[in-house]
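Hello,

Here is the structure we talked about, with the sequence alongside. My notes follow below it.

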Amino acid sequence: MNIIEEFTPLFAPKTVAVIGASTKGNALPNVFIRRIREFGFSGDIYPIHPAAAEIDGLTAYKTLADTPKPVDYAYIAVSGAQIPGMLAAAKGHVRFAQVISSGFGEVDEGKGLQEELASAARTGGMRLLGPNCLGIYTPRGRVTFAEIGPKEVGHVGIVSQSGGLGTDIIRRGLSRGVKFSGLVTVGNCADVTPSDLLEFYLADSQTKVIGMYIETAKDGRRLFDILRNAKAAKPVVILKGGRTQQGLAAAASHTGSLAGDDRVWVALARQTGCMLVDTLDQFIDTLLIFQSLTPRPQRPTQKVVLFGNGGGTSVLATDYYSRLGLDVTPFAQSAIDALAAMKLPPGTSITNPVDCPVGTLQQDDGRVAEKILDIIYSQGKPEALVMHLNLSAFVGRTKPEVLDNLVAAAMRVQEKYPGQSHFILVLRSDGEPGLEARKREFRDKAVALGVPVYDEMANAGHPLAALATFERFKAARA
Amino acid sequence: MNTTQDNPVTAAKRAGRNALDESAGKQLLAAHGVKVPQSRVAKGVGDVDAVMNGLQTPVVVKVMSPDILHKSDAGGVKINLRSAAEVKAEIEGMLNAPKIKGARIEGFLVEEMAPAGHELVIGGLRDPQFGPLVMVGLGGIFVEILKDVSFRLCPITRIDAEEMIAELKGAAILQGARGTKPASMDAIIDVLLKVGGENGLLMQHAADISEADINPLIVSDTAAVAVDARFILG
């Protein structure tokens, strides 16, 4: 059985068993039943209960071995001690069991119980996810533990050792336009590890980008071998928890993770081409860039043009990008001459960064941007263009359509020079509710067109540098 | 490796040792194609004439003892010796040195001195979750004080080796700064691959070697020679 066949029952289960739902309908597993129904799960749901005949209007069964059809996915949230016996009695009737309950390897007194659990899963003939996790979010299978999450099947595959962080990833991802091919929380990893899911996502044609939150890799050598053999076929972004001594202690009590050597993770990233990030925001930002843009190893990103309104912002961004190893350097004379010939109003800077105050950008209702960008693309030939608009500066000074025209103009130039430059949009705002609403509307439009949108120049810098690193890695090993 | 019997790791394990002594460490390196200085072992002053025959001077003499970890600190290393008479005199001196007198002495390693060059360190360690890693750094204060080193998981490729060296903050020094000759990049990469590459020393002995330290590796503009090496077993 190949990895896709093995994990399809998890990502697209036809039957789901639920242990821990109460007849009163208020336990976490009852909520899970409600959520997957709302999410559009159309397969069979089997509540497992020692006494009840029916739960939430569904026929209940006494054990996992009693269900009419074999169980693809079992969601288990009851007190830990009784679970091993339930799994062991499943008699090959269950493919995947996810144990949400905690009180296992993350605490000293639960370490024995965790071993018992893993052994029971083997006896029962199933793969085990968790314990101490939250569940799965799989839009293709219409199963979710999360309160919100798009139904649309995206291209970003996630495995997270933390359940709470998994929820954050879905929620923040959603607000940023990241769409997932799946998200699996694995908690203490008594059986299924991040490496297993990495292997699945690498083989899964729906997944283009992989994100992992890892606290420990018990099977580190295997993780390395999988990444090495993958030869950076898909971008892999790793958010590693426990990179400092203090962080390691926190990880040990969170998911029972053992000490790890940070030098290993740096080495792993450098020699397999995966990208190590430090914060949840960098994680989402980096996933977003790879979801939206296709890496170009044949022309690794180096030369970046900044175009927008905000002189100080441009200068600060130039510093920031330069520290990240990107070049924001002035154009060749031919490009400067061509831009000078446009006779833009005073206060406009045309060397790169190209700083255009609102007065310049609103000329011709924003269509001036098309002419400027045309010159930048044809003469400057950057590998990436970051267009930044400070929305606050437009308020009350321009017609509302100017912003739309600016972005539309940029998109037209993109189309005219296909495959030439990565295009990134930074929409800067100040938190004022009306402006935020406008920004959201704008962001959604742009992301739908495949343009990654960021809140600040620095937020765009990290993912852009990650993209450059990934492209250079592939180029050096082509 | 020629045969298992020749394997210094197996031999040391059989003898119940938890480390390879310098001579065994160099045998292991030589068996993997890493250049080590020509050397012979003298049991005592009696064999010095025979041992010196065929070695190029100047030589260095190092005490061999399982009880002495830091040979230089104990006064157990004497360099730049140009004759058998000088070697004998230094061995006699060592036998009376306070930190050597009481130790179990297995002999004296008499070794040709490596030509001058850049001092590097190549090391290895075994991570419990990821297995063997290989490390490279510039020698002396660079590695000890500035921790200017880079790591990779074994096995490494040629590109990995190149990137490891390029990543060092002091990499420019190897190109030949302030009138020094450049270090041979090919020679460093070659040693890195023989130690940390696909069929390298650390991969082959992953189950037995927990730590490796080639320090210094002297790299001239044409060659790299492992002048001292320590391997911890376990």
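Which residues does Ile156(B) touch, not counting residues up to four places away in sequence? In this predicted model, Ile156(B) touches Gln271(A) from the other chain, and Val134(B), Ala161(B), Leu192(B), Leu193(B), Gly196(B) and Gly197(B) from its own. Ile156(B) sits in the loop between strand 8 and helix 7 of chain B. It counts as buried because it has 27 C-beta neighbours inside 10 Å, and the cut-off for buried is 20 or more. Its C-alpha atom is 20 Å from that of Ala226(B), which is 70 residues away along the chain.

The loop that holds Ile156(B) also holds Pro155(B). A cis peptide bond joins Cys154(B) to Pro155(B), with omega about 5°.

The contact between the chains

Twelve residues of chain B are in contact with 15 residues of chain A. On the chain B side, the elements that give two or more residues are strand 7 (131–138), strand 8 (149–153) and helix 7 (158–167). By class, that side of chain B has six nonpolar, two polar and four charged residues.

In soluble globular proteins, nonpolar side chains tend to be buried together. The largest nonpolar core here has 193 residues, and Ala74(A) and Leu192(B) touch the most other members. Helix 18 (residues 457–476) of chain A gives the most to this core, with nine residues. Leaving out residues up to four places away in sequence, Ala74(A) touches Ala17(A), Ile19(A), Leu64(A), Val94(A), Phe96(A), Ala97(A) and Gln98(A). Another core, of 18 residues, lies apart from the largest one; among its members are Ala42(B), Val51(B), Val61(B) and Ile91(B).

Chain A

Chain A has 18 helices and 20 strands. Its radius of gyration is 25 Å, close to the 23 Å that the globule rule gives for 478 residues, so chain A is as compact as a globular protein of that length. The C-alpha trace spans about 80 × 45 × 40 Å along the principal axes. Of the 478 residues in chain A, 52% are buried. Among contacts in chain A between residues at least 6 apart in sequence, 75% join residues at least 24 apart.

Some backbone details in chain A follow. Most residues other than glycine have a negative phi, and most peptide bonds are trans. Arg142(A) has a positive phi, near 55°; its place is the loop between strand 8 (136–138) and strand 9 (143–144) of chain A. Arg142(A) is partly exposed, with 19 other C-beta atoms within 10 Å. Lys381(A) has a positive phi too, of about 40°, and is in the loop between helix 14 (368–380) and strand 18 (384–390) of chain A. With 16 C-beta neighbours inside 10 Å, Lys381(A) also counts as partly exposed. A cis peptide bond joins Asn352(A) and Pro353(A), with omega about 5°. Pro353(A) is in the loop between strand 16 (349–350) and strand 17 (354–355) of chain A.

Chain B

Helix 2 (residues 22–31) of chain B is mostly covered, with eight of its ten residues buried. The buried ones are Glu22(B), Ser23(B), Ala24(B), Gly25(B), Lys26(B), Gln27(B), Leu28(B) and Leu29(B). After helix 2 of chain B comes Gly33(B), with a positive phi near 85°.

Regards

Terms used. Residues are numbered from 1 along each chain as its sequence is written. Chains are lettered from A and ligands numbered from 1 in the order in which they are written. Two residues are in contact if their C-beta atoms, placed from the backbone, lie within 7 Å. Helices (H or I, at least four residues) and strands (E, at least two) are DSSP runs, numbered from the N terminus. Ala, Val, Leu, Ile, Met, Phe, Trp, Tyr, Cys and Pro count as nonpolar, Asp, Glu, Lys and Arg as charged, and the others, Gly among them, as polar. A residue is buried if 20 or more other C-beta atoms lie within 10 Å of its own, exposed if 12 or fewer, and partly exposed in between; C-beta atoms are placed from the backbone. A nonpolar core is a set of buried Ala, Val, Leu, Ile, Met, Phe, Trp, Tyr and Cys residues joined through C-beta atoms within 7 Å. The radius of gyration is taken over C-alpha atoms; the globule rule is 2.2 Å times the number of residues to the power 0.38.
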